[in-house]
Amino acid sequence: MTGAWRPKPPPAADLTGWQYLGWRCCWCAGLLGQGARSAGRAEGHSGAHDLSVEVYECDPHCSKRPTETGPA
Ligand SMILES: [Zn+2]
């Protein structure tokens, strides 16, 4: 185990439609047909509308997933 740190997903406004719908990885935009896990909650809003949504990432490893020691 590497601890509880996890990167914060990109803001909802930066996601593609497929990422927003949870069909594609929120980091690399790859299809999540084989394995996926929750990456947390992408936050966003438009006027009074809360656009926050749970997004997903490749499981077990996404090469584009930020690391704790990597660049922000
Ligand atoms: Zn990925």
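Read along the sequence, the chain of this predicted model follows the pattern α-β-β-β-β. That makes 1 helix and 4 strands. Of the 72 residues in the chain, 21% are buried. Among contacts between residues at least 6 apart in sequence, 54% join residues at least 24 apart.

The largest nonpolar core has 11 residues: Ala 12, Leu 15, Cys 25, Cys 26, Trp 27, Ala 39, Ala 42, Val 55, Tyr 56, Cys 58 and Cys 62. Two or more of these residues come from each of strand 1 and strand 4 (53-58). Strand 4 gives the most, with 3 residues. In soluble globular proteins, nonpolar side chains tend to be buried together.

Two alanines, Ala 36 and Ala 42, can be followed through their contacts. The table leaves aside neighbours within four places in sequence.

| Residue | In contact with |
|---|---|
| Ala 36 | Tyr 56, Glu 57, Cys 58 and Asp 59 |
| Ala 42 | Pro 9, Pro 10, Pro 11, Ala 12, Leu 15, Cys 26, Ser 52, Val 53 and Val 55 |

Ala 36 is found in strand 1 (residues 36-42). Is Ala 36 buried or partly exposed? It is partly exposed, because 19 other C-beta atoms lie within 10 Å, while a buried residue has 20 or more. From Ala 36 to Trp 23 the separation is 13 residues in sequence and 9.2 Å in space, C-alpha to C-alpha.

Notes: Residues are numbered from 1 along each chain as its sequence is written. This is a predicted model: local features need pLDDT of at least 70, side-chain atom pairs count only at pLDDT 80 or more; totals for chains, interfaces and linings use all residues. A residue is buried if 20 or more other C-beta atoms lie within 10 Å of its own, exposed if 12 or fewer, and partly exposed in between; C-beta atoms are placed from the backbone. Two residues are in contact if their C-beta atoms, placed from the backbone, lie within 7 Å. A nonpolar core is a set of buried Ala, Val, Leu, Ile, Met, Phe, Trp, Tyr and Cys residues joined through C-beta atoms within 7 Å.
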